[in-house]
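This briefing gathers computed features of one structure, grouped by topic. Please read it alongside the sequence and the coordinates shown here.

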Amino acid sequence: MLATLKKNRWSYLAVAAFLLLLVLLPTQLLAEKTSILILIGIYSMVTVGLCLLMGYTGQVSLGHAAFFGTGAYLSAILSTRYDLNPWLAMLVAAIATGILAYLISYPIFKLRGNYLAMATLGLGIIIWILFRELSQYTGGPDGLSGIPNFSIGGFVFDEKLERYFLVWLFCVGALLIAQNVVGSRAGRALKGIHGSEAAAESVGINAAQFKMKIFVLGAVYASLAGSLYAHHAHAIGPNAFDFMASVMVVTMAAVGGLASIWGAVFGAATITYISQDAIVELGRSYPRLAELDVVIYGLILMLVMIFLPKGLFVSLRDALDTWRRRRAQRGATT
Amino acid sequence: MTRSLLETKALTKAFGGLTAVDKVDLSAEVGKITSVIGPNGAGKTTLFNLIAGVYMPSSGDIVFEGKPLGNAPPHKSAALGIARTLQHVLLFDNMTTLENVMTGQHPRSRYGFFEAALRLPKAHREEETISLKARQYLNLVGLGMCAERNPLSLPLGQQKLLTIARALATEPKLLLLDEPGAGLNALEKQSLSELIRRIRDMGISIVLVEHDMDLVMGIAEWVIVLDSGQKIAEGTASQIQKDKRVIAAYLGEEEAVE
Amino acid sequence: MTTEVFLQSLVSGLTQGCIYALIGLGFTIIFSVTGIINFAQGEFVMLGGMLSYFLAKSAGLSVFPALIVSIIIAMLIGAVLYLMAIRTARKASVVSLIIITIGAAIFIRGIAGELWGADPVAPPYFTGAGSISVLGASIQFQALWIVGVTLAVSIVLHLFFSYTMIGKALKASAMNRTAAGLVGVNTRTMSLIAFTLAAALGALGGVVIAPLSLTSYNVGAMLGLKGFVASSIGGFRSHIVTILGGIALGIAESLTIALNWGPFTSAYKEAIALVVLLLILLMRSRKLSQEERES
C-alpha cells in the first residue's frame with residue numbers, strides 16, 4: 001500500500017539488479033572508474049532533490065548547486081578550522097542548509113514560473129559570490145584543502161572503494177526515502193499541487209507549506225551530497241558550485257525525467273560520464289574540444305526538452321511499458 | 001428549531017468598481033439542501049469563492065457552525081469541514097481516479113514526510129484507512145469500476161462525479177456544489193439528483209449553485225435568488241417559482257439574450 | 001568622493017547602463033509578445049561584439065559594414081532559435097521553455113568558445129580612441145556613440161511601434177495575444193519578429209560596447225542577467241521604464257564601485273544587479289500575496 005501502486009515482481013527484480021550492479025561495478029566491471037562512480041552517486045543525490053522539486057511541484061530551481069556548495073563548504077570549514085568530527089560537521093551543514101532553504105522559500109514561492117526561476121538563479125549566484133569573496137572563511141577563489149576523511153572508530157574511509165560504498169549507502173537511502181515520500185500522502189499532495197493548485201487547496205492541501213517542505217528536503221539532500229563530496233575530493237573551490245553547476249544538475253534532472261526518482265540516477269550517470277569521461281577522452285584526440293561540455297549540455301537540454309519533455313529515462317520507460325503491454329495484448333488475442 | 005450551519009451576514013465583495021456580491025444575508029440549515037440561483041453574473045460563484053476562502057470579503061461576516069470563519073484560506077476551510085466542487089472540472093491527471101479521491105482524505109489524515117520516509121506503522125495504518133474510505137466514496141458515486149483509470153479518460157459526467165467523490169472524501173459537514181449539472185444529459189442529471197439526496201441523507205448539508213431549474217426545483221428544500229450581487233428573494237422552490245421579482249430577473253436575462 | 005570621480009562614475013555608469021537598457025528592451029519585447037523569458041538574450045550581445053571583431057579582422061570589413069553584418073547574422077540566429085527551439089516545442093510548459101532557452105544560451109556560448117577561443121578581444125573603435133572632457137570627466141567617443149545609439153534606437157522603436165503596421169501589430173500582440181489574433185494578426189509571425197528584433201537589439205548593444213569594454217565568449221551570462229533586471233524594473237511591459245531602469249542600474253553599479261565602501265569590494269559589483277533583482281522579485285512576491293488574498 002505505502003509504495004508506488006505499480007509495485008510488482010519486476011520492480012523488486014530491478015532494485016535487486018541495481019544493488020547487485022552497485023556492488024559489481026567498482027569491484028569487477030569498471031574498477032578503474034571508481035572515482036566517476038563516486039561522483040555519480042553524489043550527483044544523484046543532488047538531482048533527486050531537484051527532481052522532486054521540479055517534477056512534483058513544477059517549481060524551477062536554477063540555483064540548486066548553491067545548496068550543494070553550502071554543504072561542502074560548511075563541512076570543510078567545520079572539519080578543518082574547527083576540528084569538528086566530519087559526521088557532526090555534515091549534520092550541522094545539513095541543518096544549516098535546511099534552515100537557509102526554509103528562509104529563502106518563504107518569499108520566493110509566492111512567485112511563479114519565470115520569476116521563480118530568476119529568483120533561484122539570482123540567489124544561487126549571490127551564494128556563489130559569497131563563496132568566492134568571503135576568503136577569510138572559504139579560502140576565496142582558491143578554496144579550501146586538506147579536508148579530512150570520514151572515519152568510524154578506527155576505520156578511516158581513505159580508500160576509494162570504501163568511500164564508494166559510503167556514498168552509495170547515502171544515495172540509495174536518499175532514493176528510498178524519496179520513493180517512500182512520493183508514494184505517500186505527501187506525495188499525492190505534491191502531485192495534486194502540480195496537477196492543479198486550486199483543486200489541491202480545495203481538499204485541504206496547504207500548497208505553500210508543501211512547496212517549502214520539498215524545497216528544504218531537496219536542499220538537505222544537496223547539502224549531504226556536498227559534504228560527501230568535500231570529504232571525498234579533500235579540496236573544494238567555488239567553481240564547482242557556480243551557475244554552470246546548477247545548469248548541469250538541471251540537465252541531469254531533465255535527462256532523467258523531472259518527476260522520476262530513479263531517472264535522477266540515470267541522468268546523473270549520463271551527464272557525469274559525459275563531463276568527466278567522454279569529454280576528457282575526446283579532448284585528448286581533439287584538444288580544441290575542451291569547452292565541449294558546455295556545447296553538449298546545451299544541445300542535450302534543448303533536444304531533450306523539445307522532443308522528450310518527460311525526460312530520456314521516463315520516455316524510455318514509458319516506451320518499454322507500451323511495448324510490453326502491446327505484446328501482452330497480442331498474446332491474449334491469438 | 002433548526003440550526004444554521006452556515007450564515008453570511010451582509011457579505012460583500014467588490015473588485016475595483018464592480019460589486020460582485022452586495023450585502024448578502026444567507027442561511028443554510030443543517031441537513032438541508034439549499035440552492036442559490038440567479039441569472040448569469042449574479043455573483044453565485046463569487047459567493048462560493050468567499051465561503052470557501054478563495055476570496056477575502058470586502059466586508060461582512062461568514063459564520064460556520066456558530067463560529068466566524070475569519071478569512072480562513074481554502075485549505076483551512078476544507079479542514080474545518082467545508083468542501084466544494086469547482087465550476088470547471090479540475091482533476092489531477094497525474095494520478096489514478098482512486099488516488100484523486102484519496103487526496104480528499106488529506107485533511108482527515110495526519111502522517112507526514114517523516115513517517116512516510118521511514119515507512120512507520122502509523123503511515124501504513126493511515127494509508128489503509130485512506131485507501132478504504134476512498135474506495136467507499138468512489139463506490140458511492142458509482143465509479144467503483146474506474147478506480148485505476150486515468151481521470152482524463154472518463155467522460156465529463158463521470159469526471160464531475162469524481163470531483164464530488166473527492167470532495168466527499170474530506171468528510172465535510174457542508175458541501176458546496178458549483179453547477180454540478182452543467183454539461184450533463186437528462187439521465188445523468190437524474191442520477192445526480194439522487195446522489196445529492198443520498199449525500200444529504202448521510203448528514204451532509206448541501207448548498208447548490210445551479211442553472212437547471214428542473215434540477216433545482218426537484219431537490220432544493222430552500223432556494224435563495226441572487227441578481228446582480230444582491231439577494232432578491234428566498235423561500236421554498238414553489239414559492240420562488242411564483243415570485244414576481246424572480247421571474248422579472250430571469251425574464252430580463254431572456255430579453256437580453258434575444 | 002570628489003566631484004570628478006563622481007562625474008566619471010556617472011559617465012561610465014550611463015554608458016554601461018545604456019547597454020543594459022538595450023538588452024532589457026530585447027527581454028521586454030519577447031516577453032510581452034510571447035510570454036517567454038529568453039535566457040539566451042545575453043548571448044546575442046556577445047555575438048554582436050564577437051562577430052564584429054572577427055568580421056573586421058578576418059574579412060577585413062570596416063566598422064559600419066561589420067556592424068550591419070553582425071546584426072544581421074544575430075537576427076538570423078534569433079530567428080532560427082525561435083523556429084527550431086521554441087516553435088517546435090509547441091505546448092511546452094514554462095519549466096520546459098526556460099530549460100530550452102538556457103540550453104540554447106549555453107549552446108551558443110559553447111560554440112562561440114570553440115570557434116573563437118577564450119581570449120577577450122576588442123573590435124576597433126567606431127571613430128577612434130579619443131575622448132572629450134566635460135566638467136573634468138573624460139568621455140570617450142565610443143561612449144558618446146553608445147548613448148547616441150541608445151537614444152536613436154529608443155526613438156526609432158517608439159516610431160516603429162506607434163506608426164508602422166508591423167509595429168502596431170506587435171504592440172497589439174503584446175497587449176492581448178488572443179484579441180490580436182482575432183483581428184487578423186498572425187501571432188506566430190509576431191513571435192518570430194519579436195525574437196528577431198530582440199536579437200538585433202542585443203547584438204547592437206554588443207557591437208557598440210565591445211570596443212570599450214572588451215568582449216569574450218562568456219560575457220553573455222552576466223550581461224543578460226543585468227538586462228533582465230532592467231526589464232523587470234520596467235515590469236516587462238514599459239519600454240521607457242526599462243531603458244531608465246537599465247541606466248539607473250549602470251549608474252548604481254558604477255557609484256558603488258567608486259564608493260568602495262566597507263567590505264564590499266568591487267568584486268561585489270555583480271552582486272548589485274542581483275540584489276536589485278531580488279528586491280524587485282521580493283516586492284512582486286509581496287504584491288502577489290496581497291493580491292492572492294484580495295482575489
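A residue is buried if 20 or more other C-beta atoms lie within 10 Å of its own, exposed if 12 or fewer, and partly exposed in between, with C-beta atoms placed from the backbone. This is a predicted model, in which local features need pLDDT of at least 70 and side-chain atom pairs count only at pLDDT 80 or more, whereas totals for chains, interfaces and linings use all residues. Residues are numbered from 1 along each chain as its sequence is written, while chains are lettered from A and ligands numbered from 1 in the order in which they are written.

- Helix 11 (residues 243-256) of chain A is largely enclosed by the rest of the structure, because 13 of its 14 residues are buried; helices (H or I, at least four residues) and strands (E, at least two) are DSSP runs, numbered from the N terminus.
- From its first C-alpha to its last, helix 11 of chain A reaches 20 Å, close to the 20 Å expected at 1.5 Å a residue, where the expected span is 1.5 Å times one less than the number of residues.
- Just after helix 11 of chain A, A:G257 takes a positive phi of about 115°.
- Helix 2 (residues 34-57) of chain A has end C-alpha atoms 34 Å apart, which agrees with the 34 Å that its 24 residues should span.
- Helix 2 of chain A is mostly covered, with 21 of its 24 residues buried, and A:G58, just after this helix, has a positive phi of about 70°.

**Helix packing in chain A**

- Helix 7 (residues 160-182) of chain A packs against helix 10 (residues 207-233) of chain A at an angle of about 180°, with their axes 11 Å apart; axes are lines fitted to C-alpha atoms, for helices over the stretch in contact, and angles run from 0 to 180 degrees between N-to-C directions.
- Helix 7 of chain A is therefore roughly antiparallel to helix 10 of chain A, a term for angles over 145 degrees.

- Strand 1 (residues 131-134) of chain C and strand 2 (residues 137-140) of chain C pair in the antiparallel sense over four bridges, pairing being assigned if DSSP finds at least two bridges.
- C:V134 stands opposite C:A137 in strand 2 of chain C.
- C:I247 lies in helix 10 (residues 239-259) of chain C and counts as buried because it has 23 C-beta neighbours inside 10 Å.

Notes. Angles under 35 degrees count as roughly parallel, over 145 as roughly antiparallel, 65 to 115 as roughly perpendicular and the rest as oblique.
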